[in-house]
Amino acid sequence: MQLGFMSDLSSTAADLSTVQSQAQSLNSILRHNWNLKEVNALFAMPFSDLMFKAQTIHRENFNPNEVQVSTLLSIKTGACPEDCKYCSQSARNKTDLEKESLLAVEKVLEAAQRAKEMGSTRFCMGAAWRNPKERDMPYVLDMVKSVKALGMETCMTLGMLSEDQADQLNGAGLDYYNHNLDTSPEHYNQIITTRTFQDRLDTLTNVRSAGMKVCSGGIVGLGEKAVDRASLLIQLANLSPQPESVPINMLVKVEGTPLANIDDLESFDFIRCIAVARIMMPHSHVRLSAGRTAMNEQMQAMCFLAGANSIFYGCKLLTAENPETNQDIALFEKLGINTETVVGDTERSDNIVKTAIADQQHSDLFYNASV
Ligand code: SF4
């Protein structure tokens, strides 16, 4: 009788565990058929319920106490022919940005080495171009090969890419290509008119077909409606495969751009956007990107709780200010967050905190090289 009771109990426990693991896999299932009604419903959830759902999915797929860290360097600054209304690098916006021509490969390598010492695992190189010209390609290919040789992951954002350019970058060993969708297709023409939403999707197709990983996200706070944020996330999540990396940027208002005086986005709307991105793209790294200087530690912590697990640190974020590395390290320590490291590189991991704090005086290297 006792044995039977025990066996009933263990079969109940087994059933429960099966149900739990089925619920987990249902939660984390990758879908590419999201529709507006259900995404609007996610955004409308009570905040605590939304955070719980996002955190549950996050824990099923990632170590919740680990954040991937990337460094972004501007390799060519300003004088961009595109008309992105938020951007200080557009030649059409009257900002006091200093232009810089394409950096020498040695300068880029020096910055990448420093970023590695500060704990970054991925080095992203951005150029303010509509698209790279053929004469630029040998230089950028050299940059990819040199940074790869340091043992870092590489990412570039150079504007639109042809199939051939994507193949060349893949051949050089580029791991990720960043090309953001920026905003919803419906709001897009209010923000950019010099390239179409479809142009952006075409570049992402070329990147994916060449064999590289995709980094693509958007910017919120561009004067879009709530439904536009849902629509942007649908565009990203319904890509198949989904982008491996999804930067969610908060608009950084720059004097001299058409969006300099736009109303601030409510903080909770931003956090909701991170949480919904985590739910819709359970396997992607969701990156808390531009706009962190305007966020206090508590808000950043809420973003990590909502499922953000990647940041940029250690330099200016292209045109936008980025928190000093030691502030990030201090926040990570308060929250018990570790940085994702290259597998097997535990010694480097141990040294990250010490090195990053000691190296703050070198941050001008990144300052000079960025916008
Ligand atoms: S966002 Fe990129 S493409 Fe648009 S203006 Fe700025 S640098 Fe040029």
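By class, which residues make up the shell around the ligand: how many are nonpolar, polar and charged?

Modeller: Happy to, and keep in mind that this is a predicted model. The shell around the ligand splits into four nonpolar residues, three polar ones and one charged one. If you want to find them in the picture, look for Cys-80, Cys-84, Cys-87 and Ala-128, along with Glu-82, Gln-89, Ser-90 and Gly-159. Glu counts as charged, so Glu-82 is the charged residue of this shell.

Now look at Ala-79. You'll find Ala-79 in the loop between β1 (66–76) and α4 (105–117). Its phi is positive, about 60°, although Ala-79 is not a glycine. That's worth a second glance because most residues other than glycine have a negative phi. Ala-79 has 14 other C-beta atoms within 10 Å, so it counts as partly exposed.

Asp-182 sits in the loop between β4 (176–178) and α7 (197–210). With 22 other C-beta atoms within 10 Å, Asp-182 is buried, because the cut-off for buried is 20 or more.

Most peptide bonds are trans. Pro-241 belongs to the loop between α8 (226–237) and β7 (245–250).

Next, the inside of the protein. The largest nonpolar core has 86 residues, and those touching the most other members are Met-156, Tyr-177, Leu-233, Ile-274, Ala-275, Ala-277 and Ala-306. Helix α9 (residues 267–280) gives this core its largest share, nine residues. Take Ala-277 as an example: leaving out residues up to four places away in sequence, it touches Leu-233, Val-246, Ile-248 and Val-286.

Finally, how far can you trust what you see? The average pLDDT of the chain is 82, and 80% of the residues score at least 70. Among the elements, α8 has the highest mean pLDDT (97), while helix α13 (residues 364–369) has the lowest (30).

Notes: Residues are numbered from 1 along each chain as its sequence is written. This is a predicted model: local features need pLDDT of at least 70, side-chain atom pairs count only at pLDDT 80 or more; totals for chains, interfaces and linings use all residues. A residue is near a molecule or strand if its C-beta atom, placed from the backbone, lies within 6 Å of it. A nonpolar core is a set of buried Ala, Val, Leu, Ile, Met, Phe, Trp, Tyr and Cys residues joined through C-beta atoms within 7 Å. A residue is buried if 20 or more other C-beta atoms lie within 10 Å of its own, exposed if 12 or fewer, and partly exposed in between; C-beta atoms are placed from the backbone. Helices (H or I, at least four residues) and strands (E, at least two) are DSSP runs, numbered from the N terminus. Two residues are in contact if their C-beta atoms, placed from the backbone, lie within 7 Å. pLDDT is the predictor's confidence in each residue, from 0 to 100.
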